[in-house]
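Let's work through a few exercises on charged side chains that pair up. Have a look at the structure first, then try each task before reading its solution.

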Amino acid sequence: MTSIAIVGAGPRMGLAIARTFGSQGYDVALISRNREKLDALVGGLATEGVTAAAFPADVLDHDALTQALKDAADRFGGIDVLEYSPLAIESTVLATPAESDPSHIQDQIEFQLYGAMAATRAVLPAMREAGTGTLLYTTGAGSLDPLPVVGNINAAAAALRNWVVNLHKELDGTGIQAAHVAIDVALGGTSLDPTLKVATAEDIAPVYWELHTTKRDQGEIVVRG
């Protein structure tokens, strides 16, 4: 049996990834803070023939996140793919580099990098034992080419990117793929950067399947539409 755990699952990118893997017969574990929203996603996926289950947890609560991933592994007989892409832009204080207080960046480091590290520690031992697995992490393209208005978010995203690319190198030859996906498009036409091309989550989701299946040697993909 094959399964994917999506941390930060929401109605756009997370749902599109769930559909992509679910259409290939994968069971889907959906993890985010809001059970009501997760249950709605699970119900929608069920109507499409995708087996999914909700495991509420906050990525800032590492114990809860670890337990959610353990529960998902117990439910589906293991986790073959981890995808990490939590988003809380509406509740985030935005700060340019010159305006940033250390706390502005620390908050984002805890949300983006430390949460990803906790999720990885929860699933990697079983992947090492099996000699196979896939770890995928998503940021905006500001992790590579930062935008001043979101300077604090970009700084943390760059830290996550660096860690993931290094993890890819560390895991070389183990059968486990780790890769960073930088999304350099405006999803649904909403973006702080008006120069970005517009794309849908459904346009981007196949990239994750390719990294899991045919592009396992790549540690990073930048999606530019």
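Predicted model: local features only at pLDDT ≥ 70, side-chain atom pairs only at ≥ 80, totals over all residues.

**Exercise 1.** Find out which parts of the chain the salt bridge between Glu 48 and Arg 19 ties together.

*Solution.* Start with the contact: the two side chains meet at 3.0 Å, N to O. That passes, because a salt bridge needs the nitrogen within 4 Å of the carboxyl oxygen. Next, place the residues: Arg 19 sits in helix α1 (residues 13-22), while Glu 48 is in the loop between α2 (35-47) and β3 (52-54), so the pair joins parts 29 residues apart in sequence.

**Exercise 2.** Work out which residues are joined with Arg 19 into one network.

*Solution.* Take the other bridge first: Arg 19 also meets Glu 202, at 3.5 Å from N to O. Glu 202 belongs to helix α6 (residues 201-204), 183 residues away from Arg 19. Now put the shared partners together: Arg 19, Glu 48 and Glu 202 form one network. How accessible are they? Each is partly exposed, with relative accessible areas of 31% for Arg 19, 43% for Glu 48 and 45% for Glu 202.

**Exercise 3.** Describe the salt bridge between Glu 220 and Arg 161, and say whether its residues are buried or partly exposed.

*Solution.* Distance first: the closest N and O atoms are 2.5 Å apart. Then location: Glu 220 lies in strand β9 (residues 220-223) and Arg 161 in helix α5 (residues 151-170), 59 residues apart. Finally, accessibility: buried means under 20%, so Glu 220 at 23% counts as partly exposed, and Arg 161 at 26% does too.

Key. Residues numbered from 1 in each chain as written. Heavy atoms only, no water. Helix = DSSP H or I, 4+ residues; strand = E, 2+ residues; numbered from the N terminus. Buried < 20%, exposed > 50% of the residue type's maximum accessible area, 1.4 Å probe, protein only.
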